[in-house]
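Please examine the structure shown below, then read the briefing that follows it. The notes are grouped by topic.

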There are 2 protein chains.
Amino acid sequence: MIKAAVLGFGTVGSGVVEVIERNNEIISKRVGDDLKVKYVLDLREFPGDPVSEILVHDYNIILEDPEVSIVVETMGGMNPAYEFTKKALLAGKSVCTSNKELVAEHGPELMRIAKEKNVNYLFEASCGGGIPIIRVLNTSLTAEVIEEISGILNGTTNYILTKMAADGSEFEDALKEAQANGYAERNPEADIMGKDACRKIAILSSLAFGKHLSWERIYTEGIADITAADIKYAKSIGCSIKLLATARSMEGGRYSVMVSPVLIGPDNPLYSVNSVFNAVFVRGNMLGDSMFYGSGAGKLPTASAVVGDVVELAKHPNDNVMMEWSEEPMDLIDQGMARSRFFVRVNGTAAGKLPDIQKVFGNVETISIPGFTDEFAFVTQEMSEQEYKEKEAKISGILNMIRARI
Amino acid sequence: MIKAAVLGFGTVGSGVVEVIERNNEIISKRVGDDLKVKYVLDLREFPGDPVSEILVHDYNIILEDPEVSIVVETMGGMNPAYEFTKKALLAGKSVCTSNKELVAEHGPELMRIAKEKNVNYLFEASCGGGIPIIRVLNTSLTAEVIEEISGILNGTTNYILTKMAADGSEFEDALKEAQANGYAERNPEADIMGKDACRKIAILSSLAFGKHLSWERIYTEGIADITAADIKYAKSIGCSIKLLATARSMEGGRYSVMVSPVLIGPDNPLYSVNSVFNAVFVRGNMLGDSMFYGSGAGKLPTASAVVGDVVELAKHPNDNVMMEWSEEPMDLIDQGMARSRFFVRVNGTAAGKLPDIQKVFGNVETISIPGFTDEFAFVTQEMSEQEYKEKEAKISGILNMIRARI
């Protein structure tokens with residue numbers, strides 16, 4: 001009998017208890033032993049809920065129980081999750097988590113402690129919810145030099161952008177609808193400002209490239225400035241606008257990592273990833289392009305990923321899963337050197353303004369759409385962010401700029 | 001130093017040697033030890049090729065060399081691959097392979113021998129080329145009861161269907177072009193008749209559902225009867241036609257597995273999987289829908305998957321990776337009980353024929369397209385294959401029938 005303790009009985013924690021209970025037969029078969037949740041730690045009481053029978057309020061009960069070999073941290077946030085995780089690992093218990101903040105902040109240290117204690121610290125559910133991307137990077141794409149890992153890593157923003165594209169609605173209205181449907185939190189800042197996607201690409205790129213990338217170093221833009229008009233222009237040239245988190249290997253062992261809205265075309269596998277779905281795109285030097293698609297959030301998909309980790313921990317007690325992610329910081333290129341094309345909306349008419357724009361930007365593609373008489377858009381050739389900024393300063397009446405990978 | 005031997009220096013085998021050589025630094029880092037190919041077995045000589053230095057013609061040299069702990073079987077076919085694999089496992093060496101015929105035929109026996117000898121038999125590259133679906137099923141989606149696993153599992157047929165849709169060409173012409181471009185073999189039967197996809201879905205469903213499914217038991221249709229006209233009709237209602245291999249869990253512990261062309265709409269994640277790309281769709285009872293997309297064939301992507309297995313074997317010597325795939329046969333429903341909608345093309349005019357069709361099929365959606373004056377199409381409601389056959393017999397002038405998941 002393998003016994004686990006779940007820290008935090010919120011959305012994911014209660015999902016973990018539910019998944020282990022509902023799929024217990026097949027899970028125990030795959031583990032090769034019975035798997036049971038012995039304790040749930042939460043400060044709250046849950047009168048009438050069966051969890052009451054295994055509910056504890058004192059973490060030491062779990063820590064000091066030698067029967068508990070697996071600790072499932074689904075509390076979220078930094079404290080006390082960090083302290084509890086460290087104590088569990090030091091006590092020789094393996095830990096798995098859905099806590100992206102903690103992994104992004106202290107992942108390398110916690111993995112090192114796990115290795116020293118010959119146990120494991122797993123975090124499949126921290127990126128992409130139910131998409132099994134962490135283990136794929138760690139155990140499947142091991143023959144590859146990863147050249148790029150990018151993705152749609154936040155369900156809330158993808159829901160909003162999909163809604164805006166489908167209904168022609170503005171950001172504020174789509175956000176309200178997302179909140180009404182439970183797809184956005186009342187305080188949606190972490191999602192819409194791109195912070196959630198930023199934490200996730202920090203983890204994914206650290207794992208893919210083997211060095212630590214602190215999330216604070218990643219250039220991050222959210223979607224609050226995307227308008228219905230931007231999306232209409234994008235649609236008119238067959239593109240969609242997605243909040244992409246991208247990480248690319250550049251020359252000289254350096255990397256380019258950023259989070260921002262991007263125009264992408266139908267030949268991009270991420271183009272048709274809609275609503276609350278997430279997807280991770282990986283390009284390897286031998287494999288070429290691949291993509292992993294699924295529910296990026298939600299109670300049961302996320303809990304399923306956590307329990308997948310529990311199964312791995314149960315199958316491999318005292319067998320550290322080596323991860324190639326050192327504490328050495330990743331070498332990033334200067335953000336000004338990052339290259340892409342730029343989609344730019346300007347006021348005025350193409351007839352009047354294009355000559356000036358061409359003088360600055362050279363050859364551009366222009367886009368005009370019905371109903372927008374006193375503005376138009378253009379897409380530049382590929383250039384660096386620095387170069388774009390210098391050129392932009394020479395043009396008046398710019399309404400919006402969105403990067404374009406087309 | 002971990003030493004491997006590669007059996008067969010064909011497309012995949014030479015790719016394995018190339019991947020291990022080109023990515024040696026990162027591969028050895030991930031293994032935690034140097035990885036080297038000590039022998040390549042092939043009956044042929046390769047004068048001038050560096051492989052000559054490690055080429056052997058006698059399998060016993062490999063078998064009897066205690067330094068070789070990993071055997072990579074990339075010969076294909078049943079013999080002598082089966083005999084060589086069995087001998088390697090019995091000698092306590094782990095084996096990995098890209099040989100779907102062998103896995104589909106003797107997988108359970110070879111896995112059992114591996115388990116008895118506390119080594120491993122891995123076959124990531126046998127299904128979906130570079131898509132890491134085997135390890136995902138085996139180590140990631142372990143908290144799930146899998147309800148469906150389906151996919152576009154053959155690059156040749158997907159290339160042909162994509163070409164037909166893009167150019168409006170007929171099957172024979174698209175096939176010739178595929179052959180000219182190296183995407184179809186000179187004898188393309190195994191691909192276009194669906195046999196290749198059939199072997200792969202036999203392996204995937206056995207792994208997903210835990211019981212052995214012999215490929216001969218799977219109802220299989222190829223794409224040779226798909227015409228340019230069928231694709232025009234499908235496009236007119238926003239659908240594409242794909243060769244799908246589908247395996248679904250039904251009531252009472254039984255399964256429905258088949259390979260056939262299917263009409264799918266843009267809301268299906270497989271809809272935009274084009275050209276030689278493959279994709280595997282998985283629906284779990286907790287996870288919901290997920291999809292894994294990538295190069296389904298090709299020398300380096302397939303070799304990358306094989307080398308991913310080599311890395312796993314090197315990291316876990318003498319530690320059997322338990323796979324839940326028993327030798328007990330899978331319980332299939334009668335093919336006549338399989339349910340879907342049916343797209344049917346008939347000659348005549350809708351005005352003249354529809355009343356009779358409605359008498360037999362009830363409410364149907366009709367499709368007429370410009371340029372096709374003496375024929376039309378209709379899509380039935382969902383019914384069983386048996387029911388469809390009985391109804392079809394009552395209608396004259398049927399030109400083609402394709403299953404529809406719309």
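**Briefing: strands, core and chain contact**

In chain B, strand 7 and strand 12 (residues 277–284) run antiparallel and are joined by 6 bridges. Helices (H or I, at least four residues) and strands (E, at least two) are DSSP runs, numbered from the N terminus, and two strands pair if DSSP finds at least two bridges between them. This is a predicted model, in which local features need pLDDT of at least 70, side-chain atom pairs count only at pLDDT 80 or more, and totals for chains, interfaces and linings use all residues. Residues are numbered from 1 along each chain as its sequence is written, while chains are lettered from A and ligands numbered from 1 in the order in which they are written.

**Strand 7 of chain B**

- Strand 7 (residues 146–152) of chain B is largely enclosed by the rest of the structure, because 5 of its 7 residues are buried.
- A residue is buried if 20 or more other C-beta atoms, placed from the backbone, lie within 10 Å of its own.

**The parallel sheet of chain B**

- An open sheet of 6 strands has the order 3-2-1-4-5-6 in chain B, with parallel pairing.
- Its edge strands, each pairing on one side only, are strand 3 (55–56) and strand 6 (121–122) of chain B.
- Strand 5 (residues 94–97) of chain B pairs with strand 6 of chain B in the parallel sense over 2 bridges.
- Leu122(B) in strand 6 of chain B is opposite Cys96(B).

**The nonpolar core**

- A nonpolar core is a set of buried Ala, Val, Leu, Ile, Met, Phe, Trp, Tyr and Cys residues joined through C-beta atoms within 7 Å.
- The largest nonpolar core has 269 residues, and those with the most contacts inside it include Val72(A) and Val72(B).
- Beyond its neighbours within four places in sequence, Val72(A) is in contact (C-beta atoms, placed from the backbone, within 7 Å) with residues including Leu7(A), Cys96(A) and Val310(A).

**Where the chains meet**

- Chain A and chain B each give 42 residues to the contact.
- Elements giving two or more residues to the side of chain B that touches chain A include helix 2 (24–31) and helix 12 (299–315) of chain B.
- Strand 12 (residues 288–295) of chain A pairs with strand 13 of chain B in the antiparallel sense over 5 bridges.
- Ser290(A) has Gly294(B), in strand 13 of chain B, as its bridge partner.

Key: Two residues are in contact if their C-beta atoms, placed from the backbone, lie within 7 Å. A residue is buried if 20 or more other C-beta atoms lie within 10 Å of its own, exposed if 12 or fewer, and partly exposed in between; C-beta atoms are placed from the backbone.
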